[in-house]
Amino acid sequence: MEREAIRRRERLYVGGEWVTGPDTFPVTDLADGGTFAEVAAADEDAADSALAAAEDAKATLRDTTIPQRCEWLQAIADGLRDRKTELAEVIVREAGKPISSARGEVDSAAERFERAIEEIRHLKGEYREGTTSGHEGWEAIVKHEPVGAVLCITPYNYPLATTALQVAPALAAGNAVVLKPASKTPVSAAILTEIVDEVGLPDGAFNFVPGKASVIGDELAGDDRVNAIAMTGSSGAGKHVAYESGMVNLHMELGGNAPAVVFEDADLDAAAGAAAKGSLKYAGQRCSAISRVLAHESVHDDLVERIDAGMDDWVQGDLFDEDTDLGPLISAEQADWVAELVEDAVDRGATVVRGGDRYEQEEGVHVFEPTLLADVPQDARIVDEEQFGPVCAVTTFGDDEEALEVANRSDLALDACVFTSDYDRAMRMAEYIDAGAVRINGAPSHGLGDIPFGGNEDSGIGREGLDSTIHEFVRKKSIIL
């Protein structure tokens, strides 16, 4: 593809105006190395200004109609498609995604804004009659109204698509938005903000405040002017935000450690293909990635061989090459973390079938090889801890009870999958595995947000999805006639 010379310098967007920040921070170019953008860093004063602008916009937004909001959402979707080439290149550079995946993310983001239109049009009030003693003849209207202001805290791994999954429902429901993007991937969110600015929302309806969480995170999360917080991120960060937030609607999709439980009667080719893709897609930097494979002891060796063969099809290379499947990790720190977990597993007796090494490809571009670990002991840290790397770790179990024990031992309970030809076993495992979702005979996948997605325990609060999220961003009011 023809590459544009992107050297951007981003500003804050507060109260309908573009403003400079007191400082800037660099964004690493994960395609060519070095830096490709300088982004304004909001401080506490800027965060306070954004919150004040959102507070001022609440009354105006509450009076908007659903058709009016739908026009905004459609215009944003159209704007994303108009700038698809630019956005895709930005996602390649800031997130390290192959170009084909980056284009798909732009399409997904645009479609999420359009799907929010469909969902908000189906949000209808209720008419109720009194049915209890003393309330005979009572009539009431139960209507929905926006909660007020939504703080959107978005992750680096899907910097545009996940942002759309938070922002589109918030705007559709008539709320003001304060967007705090991940510091490693703020440029695609800045372009989204440019598109929103052109649509002509009321001043303060949308605010963009990139910056370090250590500087503005508590200022944003702990402010009484915030009525709901949508967050995708690590479990540790989510717990901190929840501690600071007070009485607001918390809508959090946090860390994951999805097991793939493969029984002796499974279609091993299908299981191996799902394990390879589930472990390697976006270099494993997905909360729903298959982070560990629990294989019945009778099929472990056969399954490992098939996964190894499947990994041959995954190509590392130039991120702008159409054939490239795998890119780098987001940072040196993330590569360090993955290496630490792999080293721990090997020290405990795991076998490295392939990969296991990391290197710096360009300045600031850290690559971890696609890695397959076999015979991983159950006490290895990688069996219980989130890795966010391109590592498929295969351990064994002897029976259903042991498989459940290992699958449920982690504090992370976001996603899981089960491979078996026994329908009753599949349903029993799906029922008893502690996870927000369990897929049978396929890798975890939730599409554009039509299926509720979220976790138990340390993996989050509530369920994402366009319909589910809209319901988190409205409240009910009963008007008794």
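Guide: Start with a term: two strands pair if DSSP finds at least two bridges between them. Keep in mind that this is a predicted model.

Visitor: In which sense do strands S14 and S19 pair, and over how many bridges?

Guide: In general, strands of a sheet pair through backbone hydrogen bonds, either parallel or antiparallel. Here strand S14 (residues 290-296) pairs with strand S19 (residues 391-397) in the parallel sense, over 5 bridges. Within this pair, leucine 294 has threonine 395 in S19 as its bridge partner.

Visitor: What is the order of the strands in the open sheet?

Guide: The order is S15-S18-S19-S14-S13-S21-S22, which makes 7 strands with mixed pairing. At the edges stand strand S15 (351-354) and strand S22 (437-440); each has a single partner strand, so one side of each has no neighbour in the sheet. From one strand to the next, the twist averages 25°.

Visitor: Which helix packs on the sheet?

Guide: Helix H9 (residues 268-280) does, touching strand S13 (258-262), S14, S19 and strand S21 (415-419). The direction of H9 makes about 155° with that of S14.

Visitor: How are helices H2 and H4 packed?

Guide: Two packed helices are described by the angle between their axes and the distance between the axes. For helix H2 (residues 66-82) and H4, the angle is about 170° and the axes are 8 Å apart. Angles over 145 degrees count as roughly antiparallel, so H2 is roughly antiparallel to H4. The residues that meet include Leu73, Ala77 and Leu80 in H2, and Ala109, Phe113 and Ile117 in H4.

Visitor: Which residues touch the most other members of the largest nonpolar core?

Guide: In soluble globular proteins, nonpolar side chains tend to be buried together. In this model the largest nonpolar core has 102 residues, and Leu80, Phe113, Phe206 and Ile229 touch the most other members. Helix H4 (residues 99-121) gives the most to this core, with 9 residues. A second, separate core has 55 residues, including Ala272 and Ile290. As for phenylalanine 206, the residues it touches include Tyr13, Val167 and Thr193, leaving aside those up to four places away in sequence.

Visitor: Is helix H6 mostly enclosed or open, and why?

Guide: Of its 13 residues, 10 are buried, so H6 is largely enclosed by the rest of the structure. Among the buried ones are Ser188, Thr193 and Glu194. Helix H6 (residues 187-199) reaches 19 Å from its first C-alpha to its last, close to the 18 Å expected. Just after H6, glycine 200 takes a positive phi of about 90°.

Terms used:
Residues are numbered from 1 along each chain as its sequence is written. This is a predicted model: local features need pLDDT of at least 70, side-chain atom pairs count only at pLDDT 80 or more; totals for chains, interfaces and linings use all residues. Side-chain values use heavy atoms; hydrogens and water are left out. A nonpolar core is a set of buried Ala, Val, Leu, Ile, Met, Phe, Trp, Tyr and Cys residues joined through side-chain atoms within 4.5 Å. Buried means under 20% relative accessible area, exposed over 50%, partly exposed in between (1.4 Å probe, protein chains only). Helices (H or I, at least four residues) and strands (E, at least two) are DSSP runs, numbered from the N terminus. Contact means heavy atoms within 4.5 Å. Axes are lines fitted to C-alpha atoms, for helices over the stretch in contact, and angles run from 0 to 180 degrees between N-to-C directions. The expected span of a helix is 1.5 Å times one less than its number of residues. Angles under 35 degrees count as roughly parallel, over 145 as roughly antiparallel, 65 to 115 as roughly perpendicular and the rest as oblique.
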